[in-house]
Amino acid sequence: MKSIDIVSPNSRTFKTLLRLTKARGIKKYGMAIVSGPRQTYEVVRDFPDRCQALIYSEDQNPPSVAAIDHILSYRLARELFRQIDLFATGQPLLIVRFPPFPRLAEGAWPPGCTLCIPFQDPANVGSVIRAAAAFGVSRAVILKEAAHPFHPKAIRAAGGNIFRVPMVEGPRLSELDPVGVPIVTLSPKGEDVSQYRFPSSFCLVPGLEGPGIPDGFRSARAVAIPMKNGVESLNASMATGIVLYLWNKGLKN
């Protein structure tokens with residue numbers, strides 16, 4: 001396998017790779033970094049057409065690319081690789097390409113659950129996308145407040161599931177106004193979610209970490225997860241995952 005050596009921090013290619021560690025660069029170039037052997041293997045196996053390049057350190061063995069021998073390969077000087085390997089995996093990294101997200105359009109909504117994601121913590125974004133893939137949501141709407149779903153921390157949480165859920169770009173949470181579809185929100189004051197019968201097509205809107213749901217959604221149908229006394233709330237992505245599980249379970253009953 002032929003690799004391109006990069007030894008200078010002034011290399012144009014290295015500067016581009018370094019920008020992919022931040023949301024602005026990810027959005028600008030439409031590329032992201034997948035790290036960790038399990039996540040990398042999953043993407044190479046299931047989504048070879050999304051794979052753009054392999055990156056490894058000069059002190060690592062060249063990765064096998066039998067399944068995707070068409071992609072580029074870069075061998076970085078040790079110190080340069082450490083700057084890209086954000087989670088200190090010490091393993092080769094994979095660069096993936098993703099298309100721009102289409103904008104949320106008015107019109108007929110798909111059957112099932114459309115999940116709106118407002119979370120500002122990229123780990124929460126990745127975790128809820130993993131849950132969305134596991135329980136079969138129709139699509140995810142990435143709201144303006146949300147961390148980029150291809151942020152390194154989001155991909156680390158979602159793994160290859162990042163490519164299993166169709167995503168569209170939505171407005172701010174406070175500006176979300178779906179027409180022709182019921183809205184279901186998560187609220188501690190909502191009805192017991194285990195007793196709720198979900199519509200055949202609906203929009204699930206969890207709140208922001210901390211502030212929760214804006215006042216404009218108070219009239220929407222709200223569901224809650226009953227908890228033991230003394231426990232006030234759950235992690236945002238965990239709570240959303242529980243609701244998605246119960247919705248999916250109801251479809252099968």
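Val-96 touches Gly-30, Met-31, Ala-32, Val-34, Val-43, Arg-50, Gln-52 and Phe-163, when residues up to four places away in sequence are not counted. The model in which these contacts occur is predicted. Val-96 belongs to strand S5, which spans residues 93-97, and is buried, its relative accessible area being 0%. Phe-47 stands 49 residues from Val-96 in sequence, and the C-alpha atoms of the two residues are 9.4 Å apart in space.

The largest nonpolar core comprises 47 residues. Within this core, the residues with the most contacts are Leu-94, Ile-117, Ile-129, Phe-150 and Leu-204. For Leu-204, with neighbours within four places in sequence left aside, the contacts include a run made up of Cys-113, Thr-114, Leu-115 and Cys-116. Leu-204 is also in contact with Val-184 and Leu-186, as well as with Thr-240, Val-243 and Leu-244.

A disulfide is a covalent bond between the sulfur atoms of two cysteines. The count for this structure comes to 0 disulfides. Cys-113 takes part in no disulfide, and the cysteine sulfur nearest to that of Cys-113 belongs to Cys-203, at 7.6 Å. Cys-203 is likewise in no disulfide.

Side chains of opposite charge can pair when their charged atoms come close. The structure holds 10 salt bridges. In one of them, the side chains of Glu-42 and Arg-164 meet at 3.0 Å, N to O. Glu-42 is placed in helix H3 (residues 37-46), whereas Arg-164 is in the loop between helix H6 (152-158) and strand S8 (167-169), so this pair ties together parts that are 122 residues apart in sequence. Glu-42 counts as buried, at 16% relative accessibility, while Arg-164 is partly exposed, with a relative accessible area of 38%.

Arg-164 also meets the side chain of Asp-46 in a salt bridge, at 2.7 Å, N to O. Asp-46 lies in helix H3 and Arg-164 in the loop between H6 and S8, so the pair joins parts that are 118 residues apart in sequence. Asp-46 is partly exposed, with a relative accessible area of 30%. Together with Arg-45, the residues Glu-42, Asp-46 and Arg-164 are linked in a network of salt bridges.

Another salt bridge is formed by the side chains of Arg-78 and Glu-58, at 3.7 Å, N to O. This pair links distant parts of the chain, 20 residues apart. Arg-78 is located in helix H4 (residues 78-84), and Glu-58 in the loop between strand S3 (51-57) and strand S4 (72-76). Arg-78 is partly exposed, with a relative accessible area of 33%. Glu-58 also counts as partly exposed, at 44% relative accessibility.

On the surface, Met-227, Leu-234 and Met-238 form a nonpolar patch, with about 240 Å² of accessible area together. Met-227 is situated in the loop between strand S11 (221-224) and helix H7 (236-252). At 34% relative accessibility, Met-227 is partly exposed.

Ser-8 was examined as a further loop position. This residue lies between strand S1 (4-6) and helix H1 (12-19). Ser-8 is partly exposed, with a relative accessible area of 29%. When neighbours within four places in sequence are left aside, Ser-8 is in contact with Phe-14 and Leu-80. Ser-8 and Ala-23 are 15 residues apart in sequence, and their C-alpha atoms are 24 Å apart in space.

Methods:
Residues numbered from 1 in each chain as written. Predicted model: local features only at pLDDT ≥ 70, side-chain atom pairs only at ≥ 80, totals over all residues. Heavy atoms only, no water. Core = buried A, V, L, I, M, F, W, Y, C linked by side-chain atoms within 4.5 Å. Buried < 20%, exposed > 50% of the residue type's maximum accessible area, 1.4 Å probe, protein only. Contact = heavy atoms within 4.5 Å. Patch = residues over 30% accessible without salt bridge, like charges linked within 9 Å, V, L, I, M, F, W, Y side chains within 5 Å. Areas by Shrake-Rupley, 256 points an atom, 1.4 Å probe, with all protein chains shown as cover. Salt bridge = Lys/Arg side-chain N within 4 Å of Asp/Glu carboxyl O. Helix = DSSP H or I, 4+ residues; strand = E, 2+ residues; numbered from the N terminus. Disulfide = S-S within 2.5 Å.
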